[in-house]
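This briefing goes through one protein model, topic by topic. Please keep the sequence and the 3D view at hand while reading.

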Amino acid sequence: MKGFLLIFLSSTVFGATIKKDWRIVGGETAADGAFPYQVSLRFDGQHNCGGSIIDATTILTAAHCLYGFEQMPMSITVGSNTLDQGGDSYEIAERRPHDLYDPMGGYRNDIGILKLKTPIVFNEKVKPVKLSENYIGTSIGCVLSGWGMTEFPGDAANELQYLDLVTFPLDKCIEMWKNSEFGIPIDERQVCTFTMVGQGACKGDSGGPLVAGDGIQIGVVSLGDPCANGMPDVFTRVSYYRDWIEKNRQ
């Protein structure tokens, strides 16, 4: 399974131990229709990652969500907060991970586009999200949504969860990850969040949207230390990749 890139003691990548596929810890159950841009990315019908609707035929997600299942049928489900019922399913026509993404590293250029075979039908529970065009600074209120473990280890939540967060100073995030046992380099291509121990992303949230209080998506779930253990969560910064997104959504 692939998903939220987690630091673990089971496999080593570029000096960091990485495991994938994680979800929200410390969140709350979302109201019906509260996050109309949220999608469940599924392989062979099983939820694997999150994503966001950016237009009727385009989904934004993480590049690492698109590797390892090349031979499996991929689809998205929209319009339902519940994984095992409701919603509408759409088949994927094309997978477009960033051309500079390295699946062996997994935390640089971790962004991807999915093109759908048929357009999404929009309604009150299914709508696109607007994308950030500008650099987002520190202490900006934002919300993370996704299906996931409410504790680790544990079971996946069947109902969509959300968590209010704030952006964390990039210089401190860089220092914390650099000086951690994992030594992972973070830079301006990423945005970090942290509120408190016990709150953060976990298994299955990968590729999902981080959205600022004004309804603008600022990040894509990418990297974290499982789960909500006191390290900042790391997201691919949407504004940095706007040109790439616009080119590849066509």
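Which residue in β8 is the bridge partner of Ser75? The partner of Ser75 is Glu91. The model is predicted, so local features are given only at pLDDT of at least 70 and side-chain atom pairs only at pLDDT 80 or more, while totals for chains, interfaces and linings use all residues. Residues are numbered from 1 along each chain as its sequence is written, and side-chain values use heavy atoms, with hydrogens and water left out.

**Overall make-up**

- The protein chain has two helices and 16 strands; these are DSSP runs numbered from the N terminus, with helices being H or I of at least four residues and strands being E of at least two.
- Of the 250 residues in the protein chain, 58% are buried (buried means under 20% relative accessible area, exposed over 50%, and partly exposed in between, with a 1.4 Å probe and protein chains only).
- Among contacts in the protein chain with a separation of 6 or more, 71% are between residues 24 or more positions apart; a contact means heavy atoms within 4.5 Å.
- The protein chain exposes about 10,300 Å², and carbon and sulfur atoms supply 50% of it (Shrake-Rupley method with a 1.4 Å probe; for residues, only the protein chains shown count as cover).

**The barrel**

- Six strands close into a barrel in the order β4-β5-β6-β9-β8-β7, with antiparallel pairing; two strands pair if DSSP finds at least two bridges between them.
- From one strand to the next, the twist averages 45° (axes are lines fitted to C-alpha atoms, for helices over the stretch in contact, and angles run from 0 to 180 degrees between N-to-C directions).
- Strands of a sheet pair through backbone hydrogen bonds, in either the parallel or the antiparallel sense.
- Strands β7 and β8 run antiparallel and are joined by four bridges.

- Strand β9 covers residues 112-116, and five of its five residues are buried.
- Gly112, Leu114 and Leu116 point one way from β9, whereas Ile113 and Lys115 point the other way.
- Side chains in a regular strand alternate between the two faces of the sheet.
- On one side of the pairing, β6 (residues 58-61) runs antiparallel to β9 and is joined to it by four bridges; Leu60 stands opposite Ile113 in β9.
- Strand β8 (residues 88-97) also pairs with β9 in the antiparallel sense, over five bridges, and the bridge partner of Glu94 in β9 is Lys115.

**Cysteines**

- The whole structure contains two disulfides, a disulfide being a pair of cysteine sulfur atoms within 2.5 Å.
- Cys49 and Cys65 are joined with an S to S distance of 2.2 Å, and the disulfide is left-handed because the torsion about its S-S bond is about -90°.
- This pair links distant parts of the chain, with Cys49 in strand β5 (residues 46-55) and Cys65 in the loop between β6 and β7 (74-78), 16 residues apart.
- Both Cys49 and Cys65 are buried.
- The other disulfide joins Cys173 to Cys192 at an S to S distance of 2.0 Å; with -75° about the S-S bond, this link is left-handed.
- Cys173 lies in helix α1 (residues 170-179) and Cys192 in strand β13, so the pair ties together parts that are 19 residues apart in sequence.
- Cys173 and Cys192 are both buried.
- Cys142 counts as buried because its relative accessibility is 5%.

**Aromatic pairs**

- There are six aromatic pairs in the structure (rings of Phe, Tyr and Trp, the last by its six-membered ring, pair if their centres lie within 6.5 Å; planes under 30 degrees apart count as stacked, over 60 as edge-to-face and the rest as tilted).
- Phe35 is buried at a relative accessible area of 12%, whereas Tyr162 is partly exposed at 22%.
- The rings of Phe168 and Phe194 have their centres 5.9 Å apart and their planes at 75°, so this pair is edge-to-face.
- Phe168 in strand β12 and Phe194 in the loop between β13 (190-193) and β14 (209-212) are 26 residues apart.
- With a relative accessible area of 17%, Phe168 is buried; Phe194, with 22%, is partly exposed.
- Phe35, Tyr37 and Tyr162 form one aromatic cluster.
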